[in-house]
Amino acid sequence: MIHDFNYLAPTTLKEALDLLSQYKDDCKVICGGQSLLIILRQRLLVTEYLLDIKRLNELNYVNFDPTEGLRIGAVTSHRAIEKSDLIKEKYRVLADMETKLATIQTRNWGTIGGNLAHGDAAGDPAPVLMTLGAGVKVGNAEKERIIPLDEFYVDLFDTALEEDELLLEVQVPAPPPRMGAVYEKFNLLASDQGIVAVAVSVTLNDDSTCKDARIALGNAASIAIRAKEAEQMLVGQKFDEDLFEKVGETAAENCDPVSDIHASEDYRRHLVKTLTNRMVKRAWDQAAA
Amino acid sequence: MKYNVVNTHVHNIDGVAKVTGRATYTFDVKVPGMLYGKILRSPHAHAKILNIDTSAAVALKGVKAVVTGKDTLGIKQGIWRRYEELCDEQILPMEKVRYIGEPVAAVAAVTEEIAEEALDLIEVEYETLPGVYDPMEAIKKGAPQVHDGVERNINVTRHIEWGDVEEAFEESDYVREDWFRCSGQAHMCMETRCAVASYTPEGKLTVWTSTQAPYYHQALLAGVLGLRESDVRVIAKFVGGGFGGKFELDAAQFCSSVLSMKLSKPVKIVFTREEDFIASKRRTPMYYYVRTGVKNDGTFMARETRVFTDGGAYTGMGATALYLTGFFHSFPYKWAGYRYDGFRVYTNTLQSSSMRGFGAPQAAFCSELQIDLIARELGLDRIEIRRKNGHTPNYEVPGQATIASCGLRECLDEIEKWIESRGELAPNRGIGISSYGFMSGGIFNWFDTPYSFSSAVVTINFDGKVDLHIGAQDIGQGSNTTMAIICAEELGVRMEDIRVHSGDTDECPPDLGAWGSRQTLMAGNATKMAAAEAKKQLLEFAAAQMGPNIVYDLDIKDRWVHLIGRPERGLDYFDVVKSALRGKAGQRIVGRGYYTPHRKGMISPAYSYGVQALEIEVDPKTGKIDLINCVTAHDCGQPINPIGLTGQLEGAISMAAGYGMLEDQPMEDGQIMNPNLVDYKIIRAPDMPETEVIDVETYEPEGPFGAKEAGEGLTNPTAAALANALLDAMGVAVKTLPITPDKVLNALREKEEGKKE
Amino acid sequence: MEKHILRITINEEDYELFINPKTLLVEVIRDLVGLTGTKRGCESSSCGACTVILDGMTVKSCSVLAMQADGLEVTTVEGLEKDGELQPIQKAFLDHGSYQCGFCTSGMLMSSTALLAESPNCTVEEIKEGIDGNLCRCTGYNSIVRAVDAVAGGKYREDKE
């Protein structure tokens, strides 16, 4: 049974931020609640105040500008991202990722902001957004700041958010030409969390050598991480399947997966190797097309 | 045979209730003055209970009672009532706990939340004892003893033997031995275990509970509570799944009853999903050693099998699982010599008991995989080797059982045709097959009931509507509909003329309930007999009215009472009913029926058969298996309810495929590590293969209209077919369940390394 | 802890309730309003037995704070029939035997209803995805997929008119 709390339901962002600066750590923020409610029900968390920001429609939007890129409000649901024509057109990989995230019921009510702020190492959006060079805009009653997603995660369920800050917006740079971006997770059942997950973006030069490569891993460490050493192996190179295999091996060596009842550390590393190899190739093919 | 109602497309009679939200389950029951109960559970796998201090919990506002073992009669109960030594469980133990999650106390309070809070206030002093968690460890000398006086923790042994096994091995050209490991499995019913118990001052106890067998619970509760059996009323509302896990006495029923008897107030206990995982029952995990001898032409000669099962903390139905696994491990083949020795071993873990298949899925996995390995070694066709040795109609399993109807051969033919039709498979794909045979209810009366195994009463009202009272329990498998079909067919009326009454021990006759695939055959026979009895009375009146030549018989078909052979001469059923009732001093026409198997051996009155083919695709880089197609040719005698049958098959596939590749309960020192639906994985819609059912019709003389079971046997082959499909696709055998991707990958790696050498 | 007023419409009936804000939507539906067609089968938001339609979309009512439904409309399984007339999806379930124990059925019906509303001509793949969030232990799902497919294929169109 959930422990009693005092319920706060601000109607504006300003009100929400003021309440947050007032109550700080005594206050937990709920949006869609798809992660938080399970934790509250199991009494893993007790909070004096619950700040409900689900109604803050001013944070519910998907906007695109050819120079600035994509801006998604924190309260935007996963389902809205999944179904957005704009996102399907410009950032296909985000829509694809959302189709793999949990199940429809969860996507209908859960939000991108809630997901990113939760900081689950197995979360789907973070690795994908990392490969797109994304950042998050966070703010408190006084000011706002932008944090690159690569720097947003500190530890499992621990982010760079201060106790009086809300995650406000996800910012994704405009996609460069000749970029391919893909996401794959390995699980036993379609709607499961990934045993591991791999996101890759590859940007090609005009001469089809690799201009930029980003590889991000989900559930291969306590937080979503970039496989930077593996990425560097691709820059300046041509399409080479043997290279991709080595890239996979490097990514596997440089992650820190756990052993649990679902998979051993060894098997997770093997999956990282296999998936990275496959996804690099797939992203490259997409970029070249 | 063409029937009017049997084997036609009928709606399930509970359908409208279920698709409109009107169906109420024990989970939904709310009665005036009802209290909420919660159970305090042991955190230790093995410990003495030194003291339980409930005073702080009792003092909490809103708490009405707290009970422990001291508040009970301390009776050790078990479902094998005939054997006292197997009645080994005090549900609220008085002296020690034997598994993590075992109840030690129960609270009743005005809200669920207060009851939960009260649990934290109960102080239990334990003296932990060393525990043992694996049967192979538990049988060692010096291992901790789970129950006093049970040497080496060997709880039950079983021995099955026929023929001269040694000689048969000597006559074999090829002998092979293998070790296998079969996992457990959770029933994972959508409705968790739950009960509402209400005891009243006149000394009567009513228990609403999610059960497969109201009569069993009536008798078991009366036994442990010191009540007269008939003063206990068990009511099953709609039941949200059973699968073998809901016919033994559980803590929801027991604790709510004890609390209610103390307060004379209704008490409701609903297991959380976590409690359901850690503290109900599970499929029996087994270690299998199989040694098989065959001739070069594939004739099966000898098999010698030794099985150790992980029994968990108490016996329950585990004794039956031990026997059936050994018996069905020989199925469906003829062996010159067969020997099975089974050992059930106590461990400090969740008790293992009965789950759909009842030891036969484990038996099939080990047998069928080895048979394919043998066939490959000898270069024999896998269908042909099965055909050569398969059971045939009227075969006698020496000293064990007589098979009457058997459609195995036709099933093999159908599967062979299907495999051929698939042609050459895409890369990384394979097809695996498995045969099976299974029982239609058990004969051995370990419950020690004096009642017929099944009973039914048919009552015909003035308007022709028929009340069918049965003890058979519908748990979703559709037995209400099946019995209505049988009743309508026999009586010669329509489905809409039948009203089924079940699930209430006050109103319905005793029946052993829905387990062991017994209801279609046993309750079906009882229903058929009752309908025939009632029909006989109607026909007497019809004959009196019609006055036909004595050489003619009468019958009723589709509401038409007529002369057989001269069907144009007849009377309307409704008219006959009216005159019959008037002719009986205004009494409704009543027919009684019952069935207990006689002179059919000690195992089962009839056996169903089948062959399943499973097509899979393997990702050789990750080891992941995708299920593509599943075709099952099966013989259940005469199908009674075809929609129900397809449902049983498809449901069986999802459960059995889960057993084969997904479901497991890993433990650490007796602690189940995945007691939730995130970590315990069960098959969902996108994971199901395409399914096809091929009915092979036979006629089983012992069954109603020739019918046998369909639903449990169908869970037997899939894990085996999966293992064989992997063997076919990639040439590797995985001999432990579940067959997870990492095991496949390891097997592939070993094969590669083997090639390099 | 302060209680709050919740104004909610369930199956076209308006309710005004005074609740502890930690109350879950499923508790309002089942315990306060008494509509027990919606079930609960787990504590981890995994099984989908509690699925209802909230503000036009399916949600797991065990994982939505009731206060978040303030001012919104909810449809539960009891709200599908109109004056005793069953919806095509309910008829299709009956015809195809798409239920056994029935405990998951309400959730399946709500997920199917929402899917058909969004994609009236959904494919089999989309149907399987549409009920991916609903666990069933009895049927093996295929009969449910066949029922939704029949409705999507227009088999019950005459009934609607």
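A polar contact is a pair of N or O atoms within 3.5 Å; within protein, one must be able to donate a hydrogen and the other to accept it. The model I am reading is a predicted one.

**Entry 1. Helix α15 of chain B**

I began at the N-terminal end of α15(B), which B:D572 caps. A side-chain oxygen of B:D572 lies 3.1 Å from the backbone nitrogen of B:F574. I then went through the helix, residues 573-583, for buried positions. I found B:Y573, B:V576, B:V577, B:A580 and B:L581. Looking down the axis of α15(B), I see these buried residues within an arc of 130 degrees, so they line one face of the helix. The general rule I had in mind is that an α-helix has 3.6 residues a turn, so residues three or four places apart point the same way. Past the helix comes B:A585, and its phi is positive, near 55 degrees.

**Entry 2. Helix α5 of chain A**

I made a like search in α5(A), residues 92-100. The buried residues there are A:V93, A:L94, A:A95, A:M97 and A:E98. Just after α5(A) I noted A:A102, with a positive phi of about 45 degrees.

**Entry 3. Cis peptide bonds in chain B**

I looked up two cis peptide bonds. One joins B:F331 and B:P332, with omega about -10 degrees. I placed B:P332 in the loop between α9 (318-328) and β15 (337-346) of chain B. Another runs from B:L737 to B:P738, with omega near -10 degrees. B:P738 sits in the loop between α17 (718-730) and α18 (741-756) of chain B.

**Entry 4. Positive phi in chain B**

B:F358 is not a glycine, yet I read a positive phi of about 60 degrees for it. This residue is in the loop between β15 and α10 (360-378) of chain B. Is B:F358 buried or exposed? B:F358 has a relative accessible area of 2%, and the cut-off for buried is under 20%, so I put B:F358 down as buried.

I then turned to B:D669, also a residue other than glycine, with phi near 50 degrees. I located B:D669 in the loop between β28 (667-668) and β29 (671-672) of chain B. Is B:D669 buried or exposed? The relative accessible area of B:D669 is 58%, and exposed means over 50%, so B:D669 goes down as exposed.

**Entry 5. Interface of chain C and chain B**

I first took the contact count: 47 residues of chain C touch 55 residues of chain B. The two chains bury about 4,000 Å² between them, and 54% of this is on carbon and sulfur atoms.

Six salt bridges are found across the interface of chain C and chain B. I looked at one between B:E650 and C:R146, where the closest N and O atoms are 2.9 Å apart.

On the side of chain C that touches chain B, the elements giving two or more residues are α1 (25-32), α2 (88-96), α3 (105-118) and α5 (142-152). Of these, α2(C) gives the most, with five residues. By class I recorded 17 nonpolar, 17 polar and 13 charged residues on that side of chain C.

**Entry 6. Interface of chain A and chain C**

Here 32 residues of chain A are in contact with 34 residues of chain C. About 2,600 Å² is buried between chain A and chain C, with carbon and sulfur atoms giving 51%.

I counted four salt bridges between chain A and chain C. In one between A:R79 and C:E118, the N to O distance is 3.1 Å.

Which elements give two or more residues to the side of chain A that touches chain C? I listed β1 (6-8), α2 (36-41), β3 (49-52), α3 (78-83) and α6 (104-109) of chain A. The most comes from α6(A), with six residues. By class, this side of chain A has eleven nonpolar, twelve polar and nine charged residues.

Definitions and conventions: Residues numbered from 1 in each chain as written. Chains lettered and ligands numbered in written order. Predicted model: local features only at pLDDT ≥ 70, side-chain atom pairs only at ≥ 80, totals over all residues. Heavy atoms only, no water. Buried < 20%, exposed > 50% of the residue type's maximum accessible area, 1.4 Å probe, protein only. Helix = DSSP H or I, 4+ residues; strand = E, 2+ residues; numbered from the N terminus. Arc of directions from axis to C-beta. Contact = heavy atoms within 4.5 Å. Buried area = accessible area lost by both parts, 1.4 Å probe. Salt bridge = Lys/Arg side-chain N within 4 Å of Asp/Glu carboxyl O. Nonpolar A, V, L, I, M, F, W, Y, C, P; charged D, E, K, R; others polar.
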